[in-house]
Amino acid sequence: MIAPQPSTPVTPARAVRKAVVPAAGLGTRFLPATKATPKEMLPVVDKPAIQYVVEEASAAGLDDVLMVTGRHKRAIEDHFDHAFELEQTLAAKGDTVRLDAVRDPARLASIHHIRQGEPLGLGHAVLCAHRHVGDQPFAVLLGDDLIDPRETLLSRMLDIRDRRLGSVVALMEVPPEQTHLYGCAAVEPTGEEDVVRVTGLVEKPARQDAPSRYAVIGRYVLDPAVFGVLQRTPPGRGGEIQLTDALQELATSGTVHGVVFKGLRYDTGDKADYLRTVVRLACDRPDLGPEFTAWLKAFVADLDGSRPARRDIAA
């Protein structure tokens, strides 16, 4: 008689499988570089910013990604497609490293594209995804908001959604002088250290009007109920349909939670933070970090005058 084998625990399937990446913005903060190049395609070391976002979604188990793009964003579609001639050339040369790098974007997930006909705001961009998403919960990842690849913020948010249902937003504490740059949340504790209940939201409040220093950053896990709210949400700040306004309505029913994030985040839509992102991620790379870090230390030493100026610093 064969002894019965112990059963292997079955991990429940995660309810959220789809991600939406709004990428229709004009990128005016990076002109003239973004005149003909989508801001999401600006390189962060050797990958476009938006690839890091899709890699994050894929790592969290989201295998269906919808890009909401606009005119002049064809480069995004091409990047996540196969490049037959280039792949054939690299294969013929036996350059497997670059061949894998070229193929990787198309292998991250099942990637779809839809165009936002008019620049009517983040809420409208999310609404454009309604037909693709249907009545399922889904994640939203902003294309110029990067979370360090070593962080697990999105997975944590998905876990909270599975347990608490409703919608989940990522929150980060910011200095008071920066609250006007974000949607800010009024919150109350839940008993979990990094989880709060969101009771209200204000889009880009003046410093004295901010309900807290908890700012909403570019990660959301949304209940499909948000679509019905967005359909009746009038244009708000800047004449745009604000996702914050729709979440404010949902928050009044107690169905919105926040995960307080204390890890590494990069805003590649800001010039100074974009530069900091490139430097930090380059220093973290095993193939670039040692040499680049050594050069950076010498460069900074020259800047602060602690060593004689060198004419060959770029060599």
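1. By class, 4 nonpolar, 3 polar and 3 charged residues make up the lining of the largest cavity. Here Ala, Val, Leu, Ile, Met, Phe, Trp, Tyr, Cys and Pro count as nonpolar, Asp, Glu, Lys and Arg as charged, and the others, Gly among them, as polar. A cavity is a set of points, on a 1 Å grid over the protein atoms alone, where a 1.4 Å probe fits but cannot get out; lining residues have an atom within 4 Å of a point.

2. The model is predicted: local features need pLDDT of at least 70, side-chain atom pairs count only at pLDDT 80 or more, and totals for chains, interfaces and linings use all residues. Residues are numbered from 1 along each chain as its sequence is written, and side-chain values use heavy atoms, with hydrogens and water left out.

3. The structure holds 1 cavity of 30 Å³ or more. The largest cavity contains about 50 Å³ of space, a volume being the space filled by probe spheres set on the grid points, which are joined across faces, edges and corners. Its lining consists of F30, K39, E40, L42, A49, G143, D144, T268, G269 and Y274.

4. G143, one of these lining residues, lies in the loop between β6 (138–141) and β7 (145–147). Strands (E, at least two residues) and helices (H or I, at least four) are DSSP runs, numbered from the N terminus. G143 counts as buried because its relative accessibility is 4%; buried means under 20% relative accessible area (1.4 Å probe, protein chains only). Leaving aside residues up to four places away in sequence, G143 touches V21, P22, E40, A49, I50 and V53, contact meaning heavy atoms within 4.5 Å.

5. Strand β11 (residues 214–222) is largely enclosed by the rest of the structure, because 8 of its 9 residues are buried. β11 pairs in the antiparallel sense with β6 over 4 bridges and with β8 (residues 167–173) over 5 bridges; pairing requires at least two DSSP bridges between the strands. V221 in β11 is the bridge partner of A139, and A215 in β11 is that of M172.

6. The largest nonpolar core has 46 residues, and V65 and M67 have the most contacts inside it. Such a core is a set of buried Ala, Val, Leu, Ile, Met, Phe, Trp, Tyr and Cys residues joined through side-chain atoms within 4.5 Å. Helix α1 (residues 49–59) gives the most to this core, with 6 residues. A second, separate core of 32 residues includes L66, C128, L243 and L250.

Key. Buried < 20%, exposed > 50% of the residue type's maximum accessible area, 1.4 Å probe, protein only. 1 Å grid on protein atoms, 1.4 Å probe; cavity = no way out; pocket = protein on both sides within 12 Å on 5 of 7 lines; lining within 4 Å.
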